[in-house]
Amino acid sequence: MRRNIRKRRRRGLAFVAVCVVAIAVILFIRYENLTAQAPEETTANSQTSQPDPAGTDEPITSDEPTNSPSDAPSEEPSNEPSDKPSDEPSSTEEPSKAAVATAGEEDGIPVVAQPESVTVLVDKQYKLPDGYEPTDLVYPDVRFTFNDKIDKRKMRKEAAGALEDLFAGAEKDGIYLAGVSAYRSQATQKSLFNRYVEKDGMEKALTYSAFPGTSEHQTGLSIDVSGSDGKCAAEDCFGGTPEAEWLAAHAPEYGFIIRYPEGKDAITGYKYEPWHIRYVGKELAQELEDKGLTLEEYYNAVPVTK
């Protein structure tokens, strides 16, 4: 009998223990659920009480540095292009050349200070000193369209030597050139220019002939060339000939440039002259060729007044 009573007590206690454990487990589970929901409710509450940066069109600015991209202005340097002008020099831009050195004016035109320089700029904006004549004129040993040893066959010594090399180089490629007109004194240029004015008028004459004192021929560094037969000498029909194409492709190798290139009329002040080459030295000639510049652009002396 006592054994049965003890068994019943044990079963009762076991049942009670199971119930207690079950209740404890249920309470623990409910507690976990409540604590898991609490941060979400807190976050939700904070979002309703504070403005949402993602939900507004207004830009958010901060005094704190950030590594993330922003539309806000920044004092940090940027590699992005800008349309705003800057006083700071660009690392990709060529530095501008200084203005052409001058020494007073004559006839209202600035006079170049170094007329003897092989890189001198002489055009409608810059003239040679009145009556200037180079002191080292020689006769280059090349073919000309005439036989007389007169002034227009002369060039300055350095340019004459380069011209001889150029003619020799052309012949190696089967191109036979001839000189047409090289040095021209100021007096000769004046006579020639006046004749053109009488024929075509001042405005038109200025498109293909230089006002006395502003002719490159007077420097002794320029020469007009043609084919050895003299056809199309100093005429538009010279353009497109094998001789003209060879000069355009190879003249810089010998220190010469096509002084008045096609499409640069407004810059040089003269129409396209594929026959007129100018000696400037190999280094500058190659630089002008590589960059597609005229002397006016190189010296930042544009536009030319027609």
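Two strands pair if DSSP finds at least two bridges between them. The model used here is predicted.

**Exercise 1. Strand pairing**

Which strands pair with β6, and in what sense?

Step 1. Strand β5 (residues 177–181) pairs with β6 in the antiparallel sense, over four bridges. Within this pairing, S181 has D224 of β6 as its bridge partner.

Step 2. Strand β8 (residues 273–279) also pairs with β6, antiparallel and over three bridges. Here the bridge partner of S222 is R278 in β8.

Step 3. Buried means under 20% relative accessible area. Six of the six residues of β6 (residues 222–227) are buried, so the strand is largely enclosed by the rest of the structure.

**Exercise 2. The surroundings of V118**

Find where V118 lies and which residues it contacts beyond its neighbours within four places in sequence.

Step 1. V118 sits in the loop between β2 (109–112) and β3 (137–138).

Step 2. With those sequence neighbours set aside, V118 is in contact with E158, L221, R278, Y279 and V280. One of these, R278, is the bridge partner of S222.

Step 3. The C-alpha atoms of V118 and T219 are 8.6 Å apart in space, while the two residues are 101 residues apart in sequence.

**Exercise 3. The disulfide**

Locate the disulfide, then give its handedness and the exposure of its cysteines.

Step 1. A search of the whole structure finds one disulfide. C232 is joined to C237, with an S to S distance of 2.1 Å.

Step 2. The angle about the S-S bond is -120°, and the link is left-handed.

Step 3. C232 has a relative accessible area of 22% and is partly exposed. C237, at 37%, is likewise partly exposed.

Note on methods:
Residues numbered from 1 in each chain as written. Predicted model: local features only at pLDDT ≥ 70, side-chain atom pairs only at ≥ 80, totals over all residues. Heavy atoms only, no water. Disulfide = S-S within 2.5 Å. Buried < 20%, exposed > 50% of the residue type's maximum accessible area, 1.4 Å probe, protein only. Helix = DSSP H or I, 4+ residues; strand = E, 2+ residues; numbered from the N terminus. Contact = heavy atoms within 4.5 Å.
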